[in-house]
Amino acid sequence: MRNEIALAISNAVVVDDYLRVREYSMILAAPLSEEDCCAQSMPDASPVKWHLAHTSWFFETFILEQYERGFRPFHPAFRVLFNSYYDGVGDKHPRPQRGMLTRPSLAEVRDYRADVDRRMQALLQSGDCDAACLRLLELGMQHEQQHQELILTDLKHLLSLNPLKPFYLPRALQAMPVQSELEWHAFEADVVEIGHGGGTGFCFDNELPRHRQFVEAYALGSRLISNIEYLMFVEQGGYENPAHWLSAGWEWRCANKVGHPLYWHRQADGGWQEFTLHGMLPLDPHAAVLHLSYYEADAYARWAGARLPTEAEWEHAASLLGNEGRQLFGTAWQWTSSSYAPYPGYEIPAGAVGEYNGKFMVNQYVLRGSSGATPQGHSRLSYRNFFPAATCWQYSGIRLARSL
Ligand SMILES: [Fe+2]
């Protein structure tokens, strides 16, 4: 009897956690119109409606299909429509055409979410969800949180292309911390351990295994680079001098005529404004510079007489420093100079979810920390975000490092 009560309580906690994560996606979508939710601004970004459906697809395909008794899909076509990149699952609707999906309607996608939630709740209360199923549940919730950040970044890109410069929220996502003088934290050469310990707490497979790396003596910047600091680079011709740029970066900058960060706008009087999720605002000189590609971050670092940190340097320093006043977490993802590659001893998980991370370990760079768009509780020291070098619609910024 006591065991049954304990099981019922732990099931209720799991159901609560699941529903809380699911509800937050709907909270993010609540201020949006159906048109806002359907449009796709570029192939890299997805419509909000697609995010809402795809995150439900993840639970339906990887959990309900396997564990629900008498499984029947909500809609047989959704298996293809809302498959993102899982070749093991089968066909996919082409990513650049997600914005063409005027059907199913947003109301139908809401029904899909409600149906998946009802069935997930029943499964979790049935006792049929074993340890492997619970691991998939955790992965599904973490996956949904990743898409919650993408909802914000993709929406920001979409709204930025509208000449009306509409706002999504009437106020900032978060208060930006006041900037202090940039200082340098020095660390001696050492063999350091990085990666997730693998014990308690969730991590993605790409954070494993914890392992040793040798780092030479280095110093890490005490905070992120601010808009006013980056503006100096812009105003002093940083974008016009190829000496600061990687070859591929210079090609990217020339081909796309890039002369400033993605959402900056130069005014007729020479002042600057920045498009934000709460509309067009004067550039805040003391806020962290955001939405930079790897190429821009690297060029700035070179111009500033520094470099980007490696991910081992970042994680080692962050583990010793703590976040207080240092903007390690919660403001901007920080580009590192580390290519996204498997850690020594990394193993790709079995099954279709093995496609989650491992197959993307080429031609991308690791970003560390988390941003103002990252959901609460979705960041940790060993977290490895990754994007191709030209990516700038994410909340990506600069933390500098120096060799000593
Ligand atoms: Fe996904």
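Author: In this predicted model, a residue is called buried when its relative accessible area is under 20%, and exposed when that area is over 50%.

Reader: Which residues of helix 8 are buried?

Author: Gly 249, Trp 252 and Arg 253 of helix 8 (residues 247-255) are buried, so each has a relative accessible area under 20%.

Reader: Which exposed residues does the face turned away from the buried side carry?

Author: That face of helix 8 carries Ser 247, Glu 251 and Ala 255. They are called exposed because the relative accessible area is over 50%.

Reader: What makes His 54, His 143 and His 147 donors of the iron ion?

Author: A donor is an N, O or S atom within 2.8 Å of the metal. The NE2 atoms of His 54, His 143 and His 147 lie 2.2 Å from the iron ion, so they meet that limit. In sequence the spacing is H-x88-H-x3-H. His 54 in helix 3 and His 143 in helix 6 (residues 131-160) are 89 residues apart, a pair that links distant parts of the chain. Both His 54 and His 143 are buried.

Reader: Which residues have the most contacts inside the largest nonpolar core?

Author: They are Ile 63, Phe 82, Tyr 230 and Ile 398, in a core of 88 residues. Helix 3 (residues 48-67) gives the most to this core, with eleven residues.

Key
Residues are numbered from 1 along each chain as its sequence is written. This is a predicted model: local features need pLDDT of at least 70, side-chain atom pairs count only at pLDDT 80 or more; totals for chains, interfaces and linings use all residues. Side-chain values use heavy atoms; hydrogens and water are left out. A nonpolar core is a set of buried Ala, Val, Leu, Ile, Met, Phe, Trp, Tyr and Cys residues joined through side-chain atoms within 4.5 Å. Buried means under 20% relative accessible area, exposed over 50%, partly exposed in between (1.4 Å probe, protein chains only). Helices (H or I, at least four residues) and strands (E, at least two) are DSSP runs, numbered from the N terminus. Donors are N, O and S atoms within 2.8 Å of the metal (3.2 Å for Na, K and Ca); water is not among the atoms, so sites may look incomplete.
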